[in-house]
Amino acid sequence: MSPYPRRTVLTAGAAALLALAATACGGAATNDGEESGRTRVRIAYQAIPNADLVVKNQRLLEKALPDADVRWVKFDSGGDVNTAVIAGAVDLGLIGSSPVTKGLSAPLDIPYKVLWIHDLIGDNEALVAKKEIASVAALKGRKVAAPFGSTAHYSLLAALESAGLTASDVSLVDLQPQDALAAWQRGDIDAAYVWTPSLTELRETGKVLVTSRQIGAAGKPTADLGVVTDAFAAAHPEIVDAWLSAEDQAVKLAKSDPAKAAAAIGTELNLTPDQARAQLAELVLLTAAEQRAPAYLGTPGKPGALAGHLRDAAVFLHGQKAIDTVPERAVFEKALAVEELSRGTR
């Protein structure tokens, strides 16, 4: 199984991972550690080579909050994190932009906020085709794989639209990255939109037609986002501030000393420093100051463009019958934790 299946909206293992999260978190839905008397902070993380793993590996939050009980719980998908949040098993977490959009839409309507952009998905997610296929437009009539309901699927449809094609112009196959790789090796598909590490193997024998970095630059960005439940943000603003400060510190380290950041990430992912650094470079990381720009989260009274991108994802998910209706942009603007970001990273 790919260690990076976090972007899928739902996975079959959600119930099992929720049970694991409940066990790891002591099975409690409250935040106050009854046994230790310390505030419990439960963080959902995923195996993604970004600065969140630096925070974890370097224990930046634990150092900032010596009186808190910080617990990191690993998940394999944003859909599973959504399930855990609904059950009260986590307080903060990393989720892909498509699952966040699903969480903020009916029928889930999860009471959480987006307070951080862990990364903008870049060259680590791409559309790879057989070498004789010269362009996205040349995929017409071909068989193309992608994990349905994921950011890769969203970016694939954006790529087709940009090339003057619709989903009906190609034969779409719903495959997780590892399954898409196997189908590619058998010769069953002509192209696939996936992420690393399966992408790395596809690139060895195929041709990259477009990356998520390019699609994002053209106006359809995808991202890995940090969320916090409304209840936890209201009850523990000082912890939210410390978490934001730690994430900002880790991003600044990744920019100023990528070798040191890569060493921490490599330890977490069982990669060599060189491998980790290469994967880190495929993502776009933003400091808190950069995230307060209009193009991203924005500032109090002026929510940023991320709200519009989440609504675009809602249109996509509604078309996939994954949500009941498309919320108004105001719903997503309200969900951007610009007050917290402004306060916690001054």
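Which residues of S8 are buried on one side and which on the other? Ala191, Tyr193 and Trp195 lie on one side and Ala192 and Val194 on the other, all of them buried, and both faces of S8 are therefore covered (buried means under 20% relative accessible area, exposed over 50%, partly exposed in between, with a 1.4 Å probe and protein chains only).

## Basis of the model

This is a predicted model, in which local features need pLDDT of at least 70 and side-chain atom pairs count only at pLDDT 80 or more, while totals for chains, interfaces and linings use all residues. Residues are numbered from 1 along each chain as its sequence is written, and side-chain values use heavy atoms, with hydrogens and water left out.

Strand S8 covers residues 191–195, and five of its five residues are buried. Helices (H or I, at least four residues) and strands (E, at least two) are DSSP runs, numbered from the N terminus. Two strands pair if DSSP finds at least two bridges between them.

Strand S5 (residues 125–129) is joined to S8 by five bridges and runs antiparallel to S8; Leu127 stands opposite Tyr193 in this arrangement. Strand S6 (residues 143–146) is joined to S8 by two bridges in the parallel sense, with Val144 opposite Ala191.

## The five-stranded sheet

An open sheet of mixed pairing is built from five strands in the order S2-S1-S3-S10-S4. Strands S2 (68–74) and S4 (112–120) each have a single partner strand, so they stand at the edges with one side left without a neighbour in the sheet. From one strand to the next, the twist averages 25 degrees.

Seven bridges pair S4 with strand S10 (residues 223–229) in the antiparallel sense. Ile117 stands opposite Leu225 in S10.

## Helices across the sheet

Helix H4 (residues 78–86) lies across S1 (39–45), S3 (92–96), S4 and S10, at about 145 degrees to S3. Helix H11 (residues 237–256) also lies across S1, S3, S4 and S10, at about 10 degrees to S4. Axes are lines fitted to C-alpha atoms, for helices over the stretch in contact, and angles run from 0 to 180 degrees between N-to-C directions.

Asn82 is in H4 and is buried, with a relative accessible area of 3%. Leaving aside neighbours within four places in sequence, Asn82 is in contact (heavy atoms within 4.5 Å) with Ile95, Pro99, Gly103, Leu108, Ile110 and Tyr112.

## H11 and H12

The axes of H11 and helix H12 (residues 258–269) come within 5 Å and cross at roughly 120 degrees. That angle makes H11 oblique to H12 (under 35 degrees counts as roughly parallel, over 145 as roughly antiparallel, 65 to 115 as roughly perpendicular and the rest as oblique). Leu253, Ala254, Lys255 and Ser256 in H11 meet Pro258, Lys260 and Ala261 in H12. The residues of this contact divide into four nonpolar, one polar and two charged (Ala, Val, Leu, Ile, Met, Phe, Trp, Tyr, Cys and Pro count as nonpolar, Asp, Glu, Lys and Arg as charged, and the others, Gly among them, as polar).

The buried residues of H11 include Asp241, Trp243, Glu247 and Asp248. At 1.5 Å a residue, the 20 residues of H11 should span 28 Å, which agrees with the 28 Å between its end C-alpha atoms (the expected span is 1.5 Å times one less than the number of residues).

## Helix H6

Helix H6 (residues 151–162) should span 16 Å over its 12 residues, and its end C-alpha atoms are 16 Å apart, which agrees. H6 is mostly covered, with nine of its 12 residues buried, including His153, Tyr154 and Leu160.
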